[in-house]
Amino acid sequence: MNRARRRFSKSLFDRRAQLGCVPVLRTFASLMILSAAACRRDGAAVGGTGGGLGSTGGAGGGRLDAGSGGQGSEAGGEAGAAGRADATVDVARDAAVDVRSDAALEVRRDAALDRPGDAAASDGSVDAGLAMTLRAAAAQAGRLIGAAVGASHLSEAAYATTAAAAFDFVTPENEMKWDATEPTQNVFTFAGGDAITAFAQQNGMKVKGHTLVWHSQLPAWVSGITDATALHDAMINHVTQVASHYRGQVIAWDVVNEAVDDDGQSLRDSIFYQYLGAGYIDDAFNAAHAADPGALLLYNDYGAEGAGAKSDYVYSMVKGMLARGVPINGVGLQMHTGPADTSPSAAEVAANMQRLEALGLNVVISEMDVQICASDVDTQKTRFHDIVAVCAAEPLCLAVTVWGVTDKYSWLNGVSCATPQPLLFDDNYAPKPAFGGVLEALLGL
Ligand code: G3I
């Protein structure tokens with residue numbers, strides 16, 4: 001994918017050079033945003049309705065391939081300059097679309113060719129046809145629909161069938177974290193992550209790597225480091241080796257995870273902050289970009305999805321990173337939430353997404369689950385619907401990922417209560433009302 005997309009973005013870049021629009025480049029996203037802003041205006045007239053991920057607009061290149069963009073470039077110049085501010089979001093959307101359109105095309109192709117709707121799983125317990133409508137609905141909405149996947153469950157037929165039928169986007173739940181990929185210094189073990197990328201490739205699914213730098217699930221040899229240079233070198237080496245290994249197999253990375261303190265007043269007092277100061281975040285992003293220039297690089301956190309001090313801190317932090325030219329492409333909003341429309345409300349999430357988008361950043365719902373320890377499946381359905389509907393409405397929201405395939409294996413089991421039932425499929429892989437809520441939101445219902 002990355003190579004294709006790099007190839008795609010390079011050819012796009014050359015095309016823009018022909019059109020006489022060469023922007024100052026910072027990140028892949030800003031590459032697309034800036035250059036599209038300069039060109040898109042005049043391209044739009046040529047490309048018809050464009051923008052939407054529907055069959056007409058998806059392949060941005062298609063519009064450009066219409067070969068008439070050149071004619072418009074003069075006019076575009078003025079229009080581009082005049083309309084740049086308001087053009088940012090929709091052309092950035094096209095930038096995001098360029099990133100996603102391959103996936104959507106692939107999904108549509110997969111959906112149409114590879115998986116006859118009513119193919120039941122070998123154990124007959126999974127309605128693959130119904131499950132697959134989620135992928136198709138997401139493709140139609142121009143979004144990716146994802147799930148956290150555990151490699152140890154892939155040998156369970158119902159698990160693998162449900163995951164492959166319902167989702168077109170995978171995040172390894174634990175297999176790409178530091179303790180799993182570099183348990184001993186400079187000895188890398190990728191078996192778990194490789195099993196998940198292989199599963200994704202076999203099923204036409206995209207992958208987001210999770211996560212390169214996080215204060216949790218660190219191997220003891222890292223937690224035991226007491227020298228700043230040694231820690232910095234270890235971090236850069238880890239990011240470089242892991243991102244290089246998965247180059248071409250993932251479309252995005254959670255580069256840094258949960259670095260902001262819950263009070264929203266400072267960065268979390270992690271070993272990285274203690275020894276390296278705030279700069280470790282920029283350094284991690286620069287190293288990830290150097291290792292895989294084609295991947296979208298995200299900052300991922302919880303408790304910053306809506307309004308509040310932590311959300312404000314994350315906003316100002318990523319704004320500062322952009323100002324320093326750090327190659328950040330977006331923000332992941334984890335969304336581990338309860339059923340009520342509070343903390344955060346859907347309206348708060350929309351407002352937070354909009355201010356991040358105004359910076360030209362993509363957003364994703366990265367780890368959604370809705371525990372119903374003291375609630376019911378219908379309230380849960382509404383919660384999933386309302387949050388997914390926000391993403392479907394926001395031009396730079398690329399994807400919604402739920403943090404698990406089945407209630408049976410949720411990390412919340414025994415954490416928020418004995419049976420939190422937080423996901424879209426129950427213990428028997430039957431789709432729950434929540435599944436319907438996500439489907440309806442993706443269909444704009
Ligand atoms: O791999 C060991 C295994 O060898 C051992 O036998 C077993 C028994 O204790 O533990 C296994 O490690 C567990 C690991 O998941 C892999 O299954 C850890 O104990 C367990 O703590 C770990 O939990 C993960 C948790 O992150 C760790 O913080 C959850 O599965 C995972 O869903 C959760 O995901 C995080 C995201 O990465 C970041 N955002 C919050 C989210 C929920 O905490």
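What share of the 445 residues in the protein do buried residues make up? The answer is 57%. Buried here means under 20% relative accessible area, with exposed over 50% and partly exposed in between, using a 1.4 Å probe and protein chains only.

A word on the source. This is a predicted model, where local features need pLDDT of at least 70, side-chain atom pairs count only at pLDDT 80 or more, and totals for chains, interfaces and linings use all residues. Residues are numbered from 1 along each chain as its sequence is written, and side-chain values use heavy atoms, with hydrogens and water left out.

Now the overall picture. The protein has 16 helices and nine strands. Both are DSSP runs, numbered from the N terminus: helices are H or I with at least four residues, strands are E with at least two. Take contacts between residues at least 6 apart in sequence: 77% of them join residues at least 24 apart. Contact means heavy atoms within 4.5 Å.

Next, strand β4, residues 252–257. Six of its six residues are buried. What does β4 pair with? Strand β3, residues 206–214, runs parallel to β4, with five bridges joining them. Strand β5, residues 296–301, is also parallel to β4, again through five bridges. Strands count as paired if DSSP finds at least two bridges between them. Two examples. Tryptophan 214 has asparagine 257 in β4 as its bridge partner. Valine 256 is bridged to tyrosine 299 in β5.

On to helix α16, residues 433–442. Eight of its ten residues are buried, so the rest of the structure largely encloses this helix. Among them are Ala434, Phe435 and Leu442. After α16 comes glycine 444, with a positive phi near 75°.

Finally, the rings. How many aromatic pairs does the structure hold? Nine. Rings of Phe, Tyr and Trp (its six-membered ring) pair if their centres lie within 6.5 Å; planes under 30 degrees apart are stacked, over 60 edge-to-face, and the rest tilted. Phenylalanine 425 sits in the loop between β9 (397–402) and α16, and phenylalanine 435 in helix α16, so the pair ties together parts ten residues apart in sequence. Phenylalanine 425 is buried, at 1% relative accessible area. Phenylalanine 435 is buried too, at 3%. Elsewhere, Trp178, Trp221, Phe272 and Tyr280 form one aromatic cluster.
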